[in-house]
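Work through the exercises below with the sequence and the structure open. Try each task before reading its solution.

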Amino acid sequence: MKRKLLMLSLMLFALPGFAQAKTMKLAMDADPVSLDPHMQLSGGMLQYSHMVFDPLVRWTKETTIEGRLANKWERLDPKTVRFYLKKGVKFHSGNELTADDVIWTVNRLKQSVDFKGIFEQFETPVKVDKYTVDIVTKVPYPLLLNTATYIFPMDSQFYSGTDEKGMDKGIINKTGYSFANDNASGTGKYRVTERQQGVKVVFEEFKNYWDKASPGNVDQIILTPIKNDATRVAALLSGDVDFIMPVPPQDMDRIEKADNVKLVTMSGTRIITLQLNQKRVEAFQNPKVRQAIVYAINNAGIAEKLMKGRATVAAQNSPEGYKGHNPELTPRYDLQKAKQLMKEAGYEDGFEVSMIAPNNRYVNDEKIAEAAASMLGKIGIKVNLKTMPKAQYWDQFDLQVADIQMIGWHSDTEDTGNFFEFLLMCPNKETGYGQYNSGNYCNQEVDRLTLAVQSETDQAKRTEMLQQMEKIAYDEAAFVPLHWQDLSWAGKQNLRIAPIVNVMNFPYFGDLVIE
Amino acid sequence: MIAFMIRRLTQALIVIFIISIIGFAIKQSVGDPLRELLGISVSEEQRDEFREQLGLNDPWYVQYGRFLGDAVQGDLGTSLFYKRPATEVILEKAPATLELVLVSSLIIIFLSVPLGIFSAIYPNHLFSRLLMGGSIVGVSIPVFLTAIMLIYVFSIKLGWLPSFGRGELVMIGGWATGLLTVDGWLHILMPSVALSSIMLPLFIRLIRSEMMEILESEYIKYAWAKGLSQKRVWFVHAFKNTLLPVITVGGVQLGVTIAFTILTETVFQWQGLGFMFMEAVERSDAPLLVAYLMFVGIVMVGVNTIVDLIYGLVNPTIRIAGVK
């Protein structure tokens, strides 16, 4: 009875002031591993950061950059960009956002194991006044703005001092307790009000949120992790949840056909590739053999048939929209040409190689590997394929146990240079470049260009260099490009999903409208 | 009795010790936990530093020694994912699994006993024949398929039952129970039916065949000859002896049921031990894996001890004490 009265009075109270409270039930394959945005660099954590925190700037749907906590910015010199912060922005704790918070956050990012690689070029930012801060890099850095999308200012006062256990509130702990793992104060639209790890997270609207211009009208989000693909789809179809991500590819047609739900897809930026190990196989050192392999693999067919058209066929690393995307490079499937090249290289009779691929990391990864293996069979290359779960895969990948290895890569900076730094530069333990280059492709010219673009601030010149890098890799068949996986989301009909999605795969839920 | 308990306890300790060694040995091959803990672009050098910090670079026997030292003091290690002691995580997840196993055991007991007896007494009845035919089908459909079919029919098509999770929970002490709310019962219905779908047909058939055999035996014929009532012969003389093998099989099958909770819980996003185990495997969360294996080991030894005790109650001719 008491409860009913309470409900009634609440309803009476609520009706005149606000529109009807909107709750969105969200199901993802996992929940945030921590409340500390610097604990891990992963899609899930960045998704969470966009809900509870706000970045200085963020990516738009068209891969351009828009201001969030920074009103505007200007490049003072090749090493410095000045950011002007919005005034009057409040953290959840009630503290006001100032330049000090930005400085504190960048310094903390430099401490984080996961983020320090990205922020290695950064100096401690310089405070100009309360709302203006200069972000400075050690060397001229053209990707400063791209990197600023990772700066989600944290409430420096809230995270300073010691907690009840006597530990510094600011420390980052990956494997045990820390204050920041369990408590958060950001500027974002949502506050975490309830959290049971692995079970659910409840986000409530923060009443003093700064962005009054946003059309978003969702004031509560209940995130439930649903690991099993079929169950996640069933939960959406039965109406138990309102929005799901990721959408399993085998259920996309079904969701598209269903009346009460809809599917939204867009071309993604994660390239799926095969690397041909030149250290293990002598034949792979011959560019003609590598070209033959690229010509033999019908990647357009894989994208069309295996991926059911939900992927974009690739001939290079950079998807359209990236500076380095070279429009001249086109997919080149031609079996006759492939056989011809094998003959010219002196491997007419073919040879035998081993191959590994994960079976639960990328969409249809196992089937793609099987298809590629059988296509290579047609030019006389016998492939012994082994697939395994991702938990085991990456160790094997690093050990380079097979001659051909699959890897998908998404550029953290949304820039072409990142692909080359990790996948195509000569492997070098000291500098860390070429960390995932299990093909051991090594070309001094590519290395020189990749290092040069890191500090080239002339955008036109830089774009030209990036496209040249793609051209070299294409001509030399440095690797086998397959496709870029589509991104997809699904939700109920009354959700306006399309305006909030982007290639980074972090729907901006703060801007979501429920009709 | 005391001698029996002591012997059981020693057995339990040995079993758990062996499980812990096996758990530790496979720990090396479940994958590198750092892959889950660190982002993909973290350099090899930093990875190594972190591995050293966690003590993962030591040989496995050194790690095992360290683990054993802590385990004796009741510390089974800290889960890498939950960032809390593994025992705490297991105790938090255990109620969900225990409730699921309890409800599906109740379904099995309350359905298999009357159905089994009926089909033993009237083997040629049409209903008995249907039951036997149906039980073959039931046994042969895998649990996850049953589960997905249930979700399809009752959640998507009919919209009667929720498709995942435990629903509204009530805390009693440290035990989060779903059995005290209507919502909780709606949520537990499909998972428990799915979980019982394998065992139920098995038990019906087991009870039926045991009972039919006993109904043919000498002492039942004698009971008939003595002029005892039908009920007394069926339910007291025959059924009680039917129970002996059923209890034995039941104890063993409980272990299988725990294994099947892994499938059921994964499909229904049921936040119990089985689900936790699957996740721990995927994340290479070794401390949690080892703790889970040891926990299940303890449960199994416990259940078998209880089964032996019940055995003694049902059939007094069986001596459990160490008398030779």
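This is a predicted model: local features need pLDDT of at least 70, side-chain atom pairs count only at pLDDT 80 or more; totals for chains, interfaces and linings use all residues.

**Exercise 1. Overall form of chain A**

Solution: 
- For the dimensions along the principal axes, the C-alpha atoms of chain A fill a box of roughly 85 × 55 × 45 Å.
- Next, take burial: 47% of the 515 residues of chain A count as buried.
- Then take contacts in chain A between residues at least 6 apart in sequence: 68% of them join residues at least 24 apart.
- The secondary structure of chain A comprises 15 helices and 21 strands.

**Exercise 2. Helix H9 of chain A**

Task: Find which residues of H9(A) are buried and what covers them.

Solution: 
- H9(A) spans residues 299-306, and its buried residues are Asn299(A), Ile302(A), Ala303(A) and Leu306(A).
- Viewed down the helix axis, these buried residues fall within an arc of 110 degrees, so they line one face of H9(A).
- Just after H9(A), Lys308(A) has a positive phi of about 55 degrees.

**Exercise 3. Helix H10 of chain B**

Task: Compare the end-to-end distance of H10(B) with that of a straight helix, and locate its bend.

Solution: 
- A straight helix of 38 residues would reach 56 Å at 1.5 Å a residue, but the end C-alpha atoms of H10(B) are only 46 Å apart.
- H10(B) bends by about 40 degrees at Phe239(B).
- Its buried residues include Ala238(B), Thr242(B), Phe260(B) and Glu265(B).
- The buried residues of H10(B) pack against helix H6 (229-237) of chain A, and also against H5, H7, H8, H9 and H11 of chain B.
- Just after H10(B), Gln269(B) takes a positive phi of about 50 degrees.

**Exercise 4. The side of chain B that touches chain A**

Task: Describe the contact between the two chains by residue count, element and class.

Solution: 
- Counting contacts, 35 residues of chain B meet 35 residues of chain A.
- On chain B, the elements giving two or more residues are H2 (34-37), H3 (44-53), H7 (143-157) and H10 (230-267).
- H7(B) provides the largest share, four residues.
- By class, this side of chain B has 16 nonpolar, 14 polar and five charged residues.

Methods
Residues are numbered from 1 along each chain as its sequence is written. Chains are lettered from A and ligands numbered from 1 in the order in which they are written. Two residues are in contact if their C-beta atoms, placed from the backbone, lie within 7 Å. Ala, Val, Leu, Ile, Met, Phe, Trp, Tyr, Cys and Pro count as nonpolar, Asp, Glu, Lys and Arg as charged, and the others, Gly among them, as polar. The expected span of a helix is 1.5 Å times one less than its number of residues. The bend at a residue is the angle between axes fitted to the seven residues ending there and the seven starting there. A residue is buried if 20 or more other C-beta atoms lie within 10 Å of its own, exposed if 12 or fewer, and partly exposed in between; C-beta atoms are placed from the backbone. The arc is that of the directions from the helix axis to the C-beta atoms.
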